[in-house]
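Me: I would like to go through the labels used for this fold and ask what each one rests on. Show me the model, please.

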Amino acid sequence: MRALTNALSQNRLHHAYLMTGTRGVGKTTLARVMAKALNCETGITPEPCGKCSTCLEIDAGRFVDLIELDAASNTQVDQMRELLEGALYAPARARFKVYIIDEVHMLSRSAFNAMLKTLEEPPEHVKFILATTDPQKVPVTVLSRCLQFNLKQIPVPQIRGQLGHVLAQEGIASEPAALNLIAHAAHGSMRDALSLLDQAIAYGAGEVGEASVRAMLGAVDQEFLFGILDALGHNDGVGLIRIADEMQGRSLSFEAALQDLASLLHKLALVQTVPEALAADDPDALRVQTLAQQFAPEDLQLYYQIALQGRADLNVAPDEYAGFTMTLLRMLAFAPDVSASIGASSPSGGGAVTLEPKPDSRGVAKASPAAISQPPSIAAAPLQTMAAAPPQVEAPRAELPNFEWADLVGRLKVGGMARMLAQHSHLTGIVDNRLDLCVPEAHRHLLEKPYRDKLQLALEEHFGRRLRVEFTLGQPSALTPAQLEDQDRQQKQREAVAAIDRDPFVRELVEHFDARVVDDSVRPASSGQNQEPAGDR
Ligand SMILES: [Zn+2]
């Protein structure tokens with residue numbers, strides 16, 4: 001990234017730059033900092049003054065020679081041509097006319113071609129700053145003309161720290177474990193993290209506690225996971241199934257459970273090898289240490305493999321409950337023999353999981369098969385998949401009552417990623433008991449099955465009947481609830497920008513560029529989306 005600073009200070013400027021990275025890492029923020037660096041009235045500089053009228057107007061989003069385009073909503077070639085025709089004219093006031101094109105991979109092929117002409121022979125006074133979450137979809141002919149910068153995902157501790165900072169400023173109480181959960185769920189996006197934090201505050205009635213955040217995220221209580229490992233350590237098959245039933249009763253996601261279980265196993269294995277790996281402030285430190293001593297390293301390796309495999313197989317299992325319990329029973333078959341010396345019968349190394357029980361397969365002994373096939377047995381379990389545990393209401397033919405989607409989403413009893421999915425959806429149609437929802441490409445990551453299932457369940461509870469909910473990817477023809485919310489979320493947006501600025505990676509840049517960006521508002525990336533939907537893609 002120093003390359004950028006150097007280029008600017010030595011006036012070795014490219015005509016086009018491409019910022020890549022996942023959502024919410026600060027691509028457009030950086031693009032605007034660059035626009036200032038190029039046009040500051042003090043000269044081309046890695047440290048724009050932030051005080052001249054150019055800097056101020058760029059910050060305020062009303063600088064005439066800075067043209068921002070959200071490709072997600074402007075994919076048509078005509079719009080691109082019109083935009084590029086403007087590029088021929090000299091800037092009104094600035095040194096350079098700067099074009100920021102966000103989500104550039106969304107442009108249609110013909111729009112790319114139109115842009116390419118300008119990129120091949122760019123007028124001296126034009127700079128392109130492109131941003132994308134998906135550089136693979138940008139034609140190579142365009143890529144080859146850009147100086148590329150990849151912005152990294154914001155690491156969990158960084159996000160956690162920023163969340164703590166925001167809460168401290170607002171005087172809101174929180175538990176460290178709660179912030180940790182949110183930081184993990186945000187997958188490197190500060191924007192998502194702040195949005196989840198917002199929900200958590202509302203959900204927890206003004207406090208951000210671990211229990212309520214877990215409930216909101218549908219995250220699995222660590223207690224269950226520790227319970228599972230305890231049961232495995234004691235060859236307690238009955239105990240295992242009891243835990244699975246309790247989780248089922250709480251509608252927890254078994255997929256998330258297996259993922260979290262794998263994470264916990266990884267942690268145990270790590271602690272066995274590098275005891276210092278356990279953070280001093282880890283609320284579970286004692287239990288982790290105890291468990292780490294209880295299992296042989298190779299057992300942990302094996303459970304880890306089984307958990308991963310079980311998660312991968314969940315889709316093809318008869319239902320999630322069956323898939324989950326079978327995975328636990330498979331682990332039980334390999335449970336350490338409590339009396340025997342650890343490691344004597346460990347499976348040979350290597351990554352592959354052999355599914356034969358240990359030579360002395362007494363693992364299952366105490367948890368007698370009879371006990372396991374009691375009421376909650378796998379075979380006897382009614383076909384109650386998690387998604388299908390809804391109210392026992394006959395699907396009536398009557399039409400659904402009239403409602404505003406955004407309004408409904410506001411009242412829907414659902415949290416976490418499922419709520420985000422609802423907020424980023426647009427209702428395109430209702431036929432009988434079927435809801436059609438359209439989700440923009442940029443939010444594809446919200447379409448994971450557990451989120452879809454959770455949203456469907458919440459909708460069914462809301463309407464008191466079974467529903468079919470169909471999702472399609474596309475460009476919603478109207479504002480989604482999230483976009484509507486964006487309109488009065490300036491404050492949070494400012495915080496997001498400040499947060500991005502505090503990322504050491506971005507901060508290094510900002511220190512070379514302009515410290516003022518922390519204070520100034522930056523328009524949300526979605527601000528241009530009430531345009532015509534795409535037509536020629
Ligand atoms: Zn300036």
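Me: What makes H11 and H13 a contact, and which residues meet there?
Reply: This is a predicted model. Contact means heavy atoms within 4.5 Å. On the H11 side, Gln222, Leu225, Phe226, Ile228 and Leu229 meet residues of H13. Their partners in H13 are Ala257, Asp260, Leu261, Leu264, Leu265 and Leu268. The contact divides into nine nonpolar residues, one polar and one charged.

Me: How do H11 and H13 pack, and what is the hand of the crossing?
Reply: The angle is about 65°, and the axes are 10 Å apart. The crossing of H11 and H13 is right-handed.

Me: Why are H11 and H12 called roughly antiparallel?
Reply: Their packing angle is about 165°. Angles over 145 degrees count as roughly antiparallel. H11 and H12 are therefore roughly antiparallel to each other. Their axes lie 8 Å apart. The crossing of H11 and H12 is left-handed.

Me: Which residues make the contact of H11 with H12, and how do they divide by class?
Reply: H11 brings Phe224, Gly227, Ile228, Ala231 and Leu232. H12 brings Gly239, Leu240, Ile243, Glu246 and Met247. Seven of the residues are nonpolar, two are polar and one is charged. Gly counts as polar and Glu as charged. Ile228 of H11 meets H12, and Ile228 is also among the residues that meet H13.

Me: How do you know that Phe254 and Phe324 are stacked?
Reply: Two values decide it. The ring centres are 4.5 Å apart, and the planes make 20°. Rings pair if their centres lie within 6.5 Å, and planes under 30 degrees apart count as stacked. The pair is therefore stacked. Phe254 is in H13 and Phe324 in helix H16 (residues 320-333), 70 residues apart. The count of aromatic pairs comes to five.

Me: What makes S2 and S5 the edge strands?
Reply: The open sheet has five strands in the order S2-S3-S4-S1-S5, with parallel pairing. Strand S2 (66-70) and strand S5 (147-150) each pair on one side only. Neighbouring strands are turned by 15° against each other on average, direction ignored.

Me: How do you know that S1 and S5 pair?
Reply: Two strands pair if there are at least two bridges between them. Strand S1 (residues 16-20) and S5 have four bridges, in the parallel sense. Met19 stands opposite Phe149 in S5.

Me: Which strands does H4 lie across?
Reply: Helix H4 (residues 77-87) lies across S2, strand S3 (97-102) and strand S4 (126-132). H4 runs at about 160° to S3.

Terms used: Residues are numbered from 1 along each chain as its sequence is written. This is a predicted model: local features need pLDDT of at least 70, side-chain atom pairs count only at pLDDT 80 or more; totals for chains, interfaces and linings use all residues. Side-chain values use heavy atoms; hydrogens and water are left out. Helices (H or I, at least four residues) and strands (E, at least two) are DSSP runs, numbered from the N terminus. Axes are lines fitted to C-alpha atoms, for helices over the stretch in contact, and angles run from 0 to 180 degrees between N-to-C directions. Angles under 35 degrees count as roughly parallel, over 145 as roughly antiparallel, 65 to 115 as roughly perpendicular and the rest as oblique. A crossing is left-handed if the near helix is turned anticlockwise from the far one by less than a right angle, and right-handed if clockwise. Rings of Phe, Tyr and Trp (its six-membered ring) pair if their centres lie within 6.5 Å; planes under 30 degrees apart count as stacked, over 60 as edge-to-face and the rest as tilted.
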